[in-house]
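I opened this entry to keep track of what I looked up, item by item. The structure comes first, then my notes.

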2 protein chains.
Amino acid sequence: MRAPIALVGIGKIARDQHVPALAASPDWALAATVSRHGRVEGVDAFERMVAFLAARPDVGAVSLALPPQPRFAHAEAALKAGRHVMLEKPPGQTLAEVHALERLARERGLTLYATWHSRMGKGVAAARDWLAGRAIRGGRITWMEDVRHWHPGQDWVFEPGGMGVFDPGINALSVLTAILPEPVHLIEADLDVPANRQTPIAARLLFTGGIAMELDWLFPGEPLWDIEIETDGGTLLLREGGNRLFVNGEEQEGSAEGEYPALYRRFAELVRAGECEVDLSPMVHVADALTLGRRRVVDRFDF
Amino acid sequence: MRAPIALVGIGKIARDQHVPALAASPDWALAATVSRHGRVEGVDAFERMVAFLAARPDVGAVSLALPPQPRFAHAEAALKAGRHVMLEKPPGQTLAEVHALERLARERGLTLYATWHSRMGKGVAAARDWLAGRAIRGGRITWMEDVRHWHPGQDWVFEPGGMGVFDPGINALSVLTAILPEPVHLIEADLDVPANRQTPIAARLLFTGGIAMELDWLFPGEPLWDIEIETDGGTLLLREGGNRLFVNGEEQEGSAEGEYPALYRRFAELVRAGECEVDLSPMVHVADALTLGRRRVVDRFDF
């Protein structure tokens, strides 16, 4: 029996990932969409959240794939109407607004699931298991891609709250915080901010444990999404955003499940168990980088 | 029986507040200082933390009055050496480093106390009690002072991690988060950053609940440290950084205890109870403002 779910925000990520994952889900059936511009063929479509909430009390769960700026108001409305809520990453514009959503969900006995899709990369669980109990000697995170390819014309990523290059970079941090046996924290950061923008287009970070991170959003061609960790038992390398795992140069078998199918499976488990899952540690590292980072003005950026 | 305590960082705040509060404390006796430059007449003085920790195992508690940048390393060393730790505000440079300290303290059964001195202002507890159960209609926080008077020549406040005008502003946020019956979160912020500096010298914030905040570090003369909250039962006004309380224009009786004596009393209570007190909500609001705030370059600032 597949439970009805609504998808809010029908943009690139919804079409590329959420709609196919829901179509194949054993747990969920896409029953409605809420979007000012997009819709999904054959699915009950609403332009506004309030209209959806009033018309479809039978839909007990909502997945939000909007940009972070309008996400809070939609999540709050859904929780206040008694619906379980799944949030795309990052879960909000501010830490305090996500804390507020979590309080609201727990008060009402609803599930709030702050997803981190890269944590469901095929090599991540095996990487965490391999690192458990090992001593970390250092690490290098390399997260480089072409913003014009991945966010064509999306000015919101350079607006306050859009996080700039930390929009992809938070994926790396979501994996790092999932696989390390002990948490790390930021020591220093350099942020390159285009003269006509508010958020960084490149950054260099140093964490405790000798873990360095380099982010670049002007990297042409195939992206580099690599995390390399040196340990007392050798070197672990996660490539392709957590989807391929190498230990001492040898590729390891990973999970067969894709990222978004795994997220929707997990959301169904949380709803059945009556639990919340809201781990903000990747977002804390970004807030720390934007608080502690030294800003340098670099060349203008235009799409 | 007064327990021995060490004071680390003998600068302006230590001399103005910590040393007099400890001299009058029924709970604590100042047994050692750690500071490269300062000392206190008649008290065992160390230049380095490691020397103090080795020489004085009898001193079971440490109070850190350093600037935020070097605070983590000193706190970590003290906790690893089995000492209870009290932190001046803000408790660190990053949220993640304070989370790390809290884990360390809890693992070892030690007290970590992240202090917010303005929460001990004489009107704060009465303000919280008066607001409990009332509906908030809006509010105005006005936090204006002269940085040249309060931080003469202290360039670290304009360095990354020094937080700029949020160094005093976090005092207002520590009071706000202590008195409101429900938490709020940031909606938007404008930050004025001097052309030659990294952190804001002025800011305007808007929180949920209609609470506006204005911070200015170039305000001459007597500081304005006011929090005004409109409710369904009238207007509450806290002046002088939480130390005077007015309800509908009439001044109310407050606590007789000063801020720093109250902090040291609380630290003693926490140590006796074997508890930690680490509320990072004021720091979360600052991280949110620095994440979400729109930056504007303003005139150079030199001391």
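**Two copies.** I laid chain B on chain A and got an RMSD of 0.0 Å, with a turn of 180° and a shift of 0.0 Å along the axis. The copies are therefore related as by a two-fold rotation axis. The superposition was by least squares on the C-alpha atoms of residues with pLDDT of at least 70 in both. In chain B, A287(B) comes closest to the rotation axis, at 2.8 Å (C-alpha).

**Ground rules.** I noted that this is a predicted model, where local features need pLDDT of at least 70, side-chain atom pairs count only at pLDDT 80 or more, and totals for chains, interfaces and linings use all residues. Residues are numbered from 1 along each chain as its sequence is written, chains are lettered from A and ligands numbered from 1 in the order in which they are written, and side-chain values use heavy atoms, with hydrogens and water left out.

I looked up helix α9 (residues 281–292) of chain A and helix α4 (residues 95–108) of chain B, which pack at about 125° with axes 8 Å apart. α9(A) is therefore oblique to α4(B) (angles under 35 degrees count as roughly parallel, over 145 as roughly antiparallel, 65 to 115 as roughly perpendicular and the rest as oblique). On the α9(A) side I found V284(A), H285(A) and D288(A), which meet L95(B), A96(B) and H99(B) of α4(B); contact means heavy atoms within 4.5 Å.

**L7(B).** I placed this residue in strand β1 (residues 3–8) of chain B. L7(B) is buried, at a relative accessible area of 0% (buried means under 20%, exposed over 50%, partly exposed in between, with a 1.4 Å probe and protein chains only). Beyond four places in sequence, its contacts include A14(B), H18(B), L30(B) and Y264(B). L7(B) and H18(B) are eleven residues apart in sequence and 8.0 Å apart in space, C-alpha to C-alpha.

I found a cis peptide bond between K89(A) and P90(A), with omega about -15°. P90(A) sits in the loop between β5 (84–87) and α4 (95–108) of chain A. Chain B has a cis bond joining K89(B) and P90(B), omega again about -15°. I also checked N248(A), which is not a glycine but has a positive phi of about 50°. N248(A) is in the loop between β13 (244–247) and β14 (250–252) of chain A, and counts as partly exposed at 48% relative accessibility.

Methods:
Axes are lines fitted to C-alpha atoms, for helices over the stretch in contact, and angles run from 0 to 180 degrees between N-to-C directions. Helices (H or I, at least four residues) and strands (E, at least two) are DSSP runs, numbered from the N terminus.
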